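Trainee: I would like to go through this model slowly and ask, for each label, what stands behind it.
Mentor: Then let us set each value beside its definition before we conclude anything.

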Amino acid sequence: MKLSVIGCGYLGAVHAASMAELGHDVIGIDIDQSKIDALAAGKAPFFEPGLPEILTSATATGRLRFSTDLADAAGSQVHFIAVGTPQKKGSYAADLTYVNAALDGLLPYLSEGDLVVGKSTVPVGTATDLAATIAASGTGAMLAWNPEFLREGFAVQDTISPDRLVYGLPPEPGQAEASKALLDGVYETALGKDTPLVVTDYATAELVKVSANAFLATKISFINAMAEIAEVTGADVTQLSTAIGLDDRIGWKFLKAGVGFGGGCLPKDIRAFTARAEELGRGESVAFLKEVDAINLRRRQRVVDLAVEALGGQVNGKKISVLGLAFKPHSDDIRDSPALDVAVQLKGLGANVVATDPEAIHTASRVHPQLTYEADPAVALRDADLVVLVTEWDEFRHMDPAWARQLVKAATIIDGRNTLDAAAWRAAGWTYIGLGRP
Ligand code: UGA
């Protein structure tokens, strides 16, 4: 099928390349010329395992092209809107400027029977407004909402083999049937592998996305709240999560206590959901999400406080080696990263922060040039007065404590992800400090 993807950021670039990989004829469109040039040359503008490979193979077949001109969307049957919905400045609400601009720019190129598919994460009610805009345009095009559940670091795999598909279809039965048929064509491969499909109205599809992220954020903050209790009782939150996770109604996933969640989705999505619920007069229903956010931010402060304590209150001029900058491993994304936040706060307290990360130094140094960055962990660790692990890259998880011990000045480590073998590190002579564990 002929598809267009408007917006070639994280979501759009991966979606465009994956759809071409599945055999569709795809045009990816973005206003950013440098991004389009990179993508057309088979280069991913961000670190995502597997993306460069499918960009290269799909562009070579001629099935994947990129452009800055929305006119190139003309002739596609399905048009995905995959632009960003950042947090509005000075407010918790989502900024829909890019979504509205994408649709307005696309309207002149839509034909009778075309399907516009929303993939961006939006406040509930947006799709109905966009459908009205399309109807008023007289183009005869339709709108469906098809949220995306990809995880950074696994984005290609999650797009090609999703764990579920959700179609939010138009209220008019004829349009619903035609939209579903088009989406079934797009997702033929996944549907052929019995991927579960949930067909809903617009509002439900929009809510599936935000409520899924709200649930994940809540699960993380729940265990981090237990870590706070563990810290004053001497309990061990890692054992607690193992024990409660054995109940398969609860499960272990997203039950890992640490410095908390970050990234371009969870933090902004729970805030936008709160703002939207308040607009709808249902602020109380999701008031707990403010607490989820607050618990999450307190964990970052906790790591900073532990660092100050470990240094005996004397932070100024001390060398702190920070292991990790990305908001999670397998990513160079530093948006709302707890790791980078901790590094910046420690620097603000006068520490000589030397940060290392396998992929995120280039993204972090653009935003925070005041930190010192070092690609080689051995150099970052040398003569450190304190080590703080904040992103659980395998390189750090599997670090030999005896080797690291030889490099540092003082063998104290704060494990902000509760990911190291505490006994092994202590046996190698380290003072090991976890979050919510003795
Ligand atoms: C999240 C969702 O997991 C995806 O399903 C969704 O599609 C995506 O947002 C989106 O809205 O586009 P992502 O932001 O890539 O995906 O990251 P996650 O894997 O969800 O991790 C989020 C944060 O939670 C990370 O900072 C991670 O370190 C933290 N986390 C995760 C914990 O602190 N503890 C855990 O147990 C799990």
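Mentor: We begin with a definition: a residue is buried under 20% relative accessible area, exposed over 50%, and partly exposed in between. Keep in mind, too, that this is a predicted model.

Trainee: What makes R298 and E291 a salt bridge?
Mentor: A side-chain nitrogen of Lys or Arg has to lie within 4 Å of a carboxyl oxygen of Asp or Glu, and for the side chains of R298 and E291 the N to O distance is 3.9 Å, so the pair qualifies. E291 counts as partly exposed, at 44% relative accessibility.

Trainee: How do you know that R302 and E231 meet in a salt bridge, and which parts of the chain does the pair link?
Mentor: Their side chains are 3.2 Å apart, N to O, and the cut-off is 4 Å. The pair links distant parts of the chain, with R302 in helix α12 (residues 288–310) and E231 in helix α9, 71 residues apart. R302 is partly exposed at 26% relative accessibility, and E231 is partly exposed with a relative accessible area of 26%.

Trainee: Are R151 and D158, which meet in a salt bridge, buried, exposed or partly exposed?
Mentor: R151 is partly exposed, at 36%, whereas D158, with a relative accessible area of 13%, is buried. The salt bridge between their side chains has an N to O distance of 2.8 Å. The structure holds 22 salt bridges, and R271, D293, R300, D336 and D341 are linked in a network of them.

Trainee: What makes K219 a residue with no salt bridge?
Mentor: K219, which lies in helix α9, is buried, and the nearest side chain of opposite charge, D247, is 10 Å away, whereas a salt bridge needs a distance within 4 Å. A polar atom of the K219 side chain does lie 2.7 Å from the backbone oxygen of K253. Leaving aside neighbours within four places in sequence, K219 is in contact with I250, G251, K253, F254 and L255.

Trainee: Why are the buried residues of α5 said to line one face?
Mentor: Seen down the axis of α5, the buried residues fall within an arc of 130°, so they line one face of the helix. These residues are T126, A127, L130, A131 and I134, and what covers them includes α4 (97–106), β5 (115–118), β6 (142–145) and α9 (202–233). On the other side of α5, D129, A135 and A136 are exposed. Just after the helix, G138 takes a positive phi of about 70°.

How values were computed: Residues numbered from 1 in each chain as written. Predicted model: local features only at pLDDT ≥ 70, side-chain atom pairs only at ≥ 80, totals over all residues. Heavy atoms only, no water. Buried < 20%, exposed > 50% of the residue type's maximum accessible area, 1.4 Å probe, protein only. Helix = DSSP H or I, 4+ residues; strand = E, 2+ residues; numbered from the N terminus. Arc of directions from axis to C-beta. Contact = heavy atoms within 4.5 Å. Lys, Arg positive; Asp, Glu negative; His and termini not counted. Polar contact = N/O pair within 3.5 Å; in protein donor to acceptor, adjacent residues only side chain to side chain.
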